[in-house]
Amino acid sequence: MAKYECSQHMHDFLHELPKCEHHVHLEGTLGPDLLFPLAKRNNITLPDNFPKTPEALQIRYDQFADLEDFLGFYYIGMGVLITEEDFFELAWMYFNKAKKDGLHHAEVFFDPQGHLERGIDMDVVVGGFNRACEKAEAELGITTKLIMCLLRHLPVNNCMDTIELAKPHFAKGTIHGLGLDSSEKPFPPHLFIECYAKVAEHFPNVGLTAHAGEEGGPDFIINSLDKLNVTRIDHGVNSYKDDALLARLAENQTLLSLCPLSNVKLQVVKDVSELPIQKWLDANVPFSINSDDPAYFGGYILDNYIVVHTRFGFDLKTWVKIAKNGVHGSWITDARKKEILDAIDAVYLKYQPLLE
Ligand code: HPA
Ligand code: ZN
């Protein structure tokens, strides 16, 4: 395992470096400290065998066997969210935490089907999350986009019904993107062709992305590109196994939204040093660094940047390139891109005399 120092100056640089997050599940920001009080407030009975204290739950979170094991806890956790205020508070807490980490732009996932099946209205979920997005833009200066994910373990007709319910939000722009998450391997991308085609047909400006290549092979990534017409790949770790795919991702500048701490916690790799980050850089495949489910995986966006630094020891120019690739791959206007790119250059100039 490669180990590099992260000096105080380097830490400060990574902290100040303007960051874009493209892969965070708002429900995955719900940690043990919030789960128990919300369960109490909303009279939710947790399963009998569920850990009884935040400390015991945290210990269990440190031992996920794989994606499936994590998802069991993730769906129980989100079950304590009931009111519009619950959804608002959760997202508002995330934006504040991420702002402290140097976040400038966030494209955040949510899983409406995990709430609809418990009788919560789409408008309650989107209303609360969107109110937090607006407050983050107004008070924290963070630009935001909401991305609705489909749960791939649910039947396609359930996904199609969910798209129907989301139509007014796609039309207004309160939902800006479509994603695909949950158990990957048993539910390949082609199952959802109809869902992606419907959204693309009615709302050509909606951004399309999908989790692929976290546990599935390169074919899951290729089929997400070919059959779902996504312009971004969430995780995409297994792209490194196919050189032609790497060339294609580089050619089209398709962004991979990497989640290093998640990959360790879900046993995709044993250590962050095993991620083929140098290979993606050498192949000119753009990627961003993200937290996925920060309350479950032990770190927010800055923690993910720092762990990558301690394993790869990149120089300032490489970090600037990574940060800028995140801006180029964001679903924002050119004017907003320029603001963040200029802010990245300013931080580089501030730290260059200290670190180069
Ligand atoms: N993969 C798939 N589904 C998810 C994840 C993930 O990392 N996080 C929340 N839902
Ligand atoms: Zn994810």
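Throughout these legends, buried means under 20% relative accessible area, exposed over 50%, and partly exposed in between, with a 1.4 Å probe and protein chains only. This is a predicted model, in which local features need pLDDT of at least 70 and side-chain atom pairs count only at pLDDT 80 or more, while totals for chains, interfaces and linings use all residues. Residues are numbered from 1 along each chain as its sequence is written, chains are lettered from A and ligands numbered from 1 in the order in which they are written, and side-chain values use heavy atoms, with hydrogens and water left out.

**View 1. The salt bridge between D271 and R311.** The side chains of these two residues meet at 2.8 Å, N to O; a salt bridge is a side-chain nitrogen of Lys or Arg within 4 Å of a carboxyl oxygen of Asp or Glu. D271 lies in the loop between helix 12 (260-265) and helix 13, and R311 in helix 15 (residues 301-312), so the pair ties together parts that are 40 residues apart in sequence. Helices (H or I, at least four residues) and strands (E, at least two) are DSSP runs, numbered from the N terminus. D271 is buried because its relative accessible area is 10%. R311 also counts as buried, at 12% relative accessibility.

**View 2. The salt bridge between E107 and R232.** The distance between the two side chains is 2.7 Å, N to O. E107 belongs to strand 2 (residues 103-110) and R232 to strand 6 (residues 232-235), so that distant parts of the chain, 125 residues apart, are linked by the pair. Both E107 and R232 are buried. The structure holds 18 salt bridges. Side chains of opposite charge can pair when their charged atoms come close.

**View 3. The salt bridge between E356 and K317.** Here the N to O distance is 3.9 Å. E356 is in the segment after helix 17 (334-355) and K317 is in helix 16 (residues 316-328); the pair links distant parts of the chain, 39 residues apart. With a relative accessible area of 49%, E356 is partly exposed, whereas K317 counts as exposed at 53%. Elsewhere, salt bridges that share partners join R41, D86 and E89 into one network.

**View 4. The surroundings of ligand 1.** Ligand 1 is surrounded by H25, L67, F70, L71, Y74, D181, S182, H211, E214, H235, D292 and D293, where a residue is near a molecule or strand if one of its heavy atoms lies within 4 Å of it. A polar side-chain atom of H25 is 3.2 Å from a nitrogen atom of ligand 1. The side chain of E214 has an N or O atom 2.8 Å from a nitrogen atom of the ligand, and a polar side-chain atom of D292 lies 2.7 Å from a ligand oxygen atom. Taken alone, ligand 1 exposes 260 Å², and the protein buries 100% of that; accessible areas come from the Shrake-Rupley method with a 1.4 Å probe, and for residues only the protein chains shown count as cover.

**View 5. S182 and its contacts.** S182 is found in the loop between strand 4 (177-181) and helix 9 (193-202). At 8% relative accessibility, this serine counts as buried. The side chains of S182 and H153 are joined by a polar contact of 2.7 Å; such a contact is a pair of N or O atoms within 3.5 Å, where within protein one must be able to donate a hydrogen and the other to accept it, and residues adjacent in sequence count only if both atoms are side-chain atoms. Not counting residues up to four places away in sequence, S182 touches L67, L71, Y75, L151, R152 and H153, contact meaning heavy atoms within 4.5 Å.

**View 6. The two sides of helix 11.** In helix 11 (residues 243-251), the buried residues are L245, L246, L249 and A250. They cover an arc of only 135 degrees around the axis, which puts them on the same side of the helix; the arc is that of the directions from the helix axis to the C-beta atoms. A244 and E251, on the other side, are exposed. The buried residues pack against helix 10 (218-228), strand 7 (255-258) and helix 13 (277-282). At the N-terminal end, D242 caps helix 11, with a side-chain oxygen 3.0 Å from the backbone nitrogen of A244.
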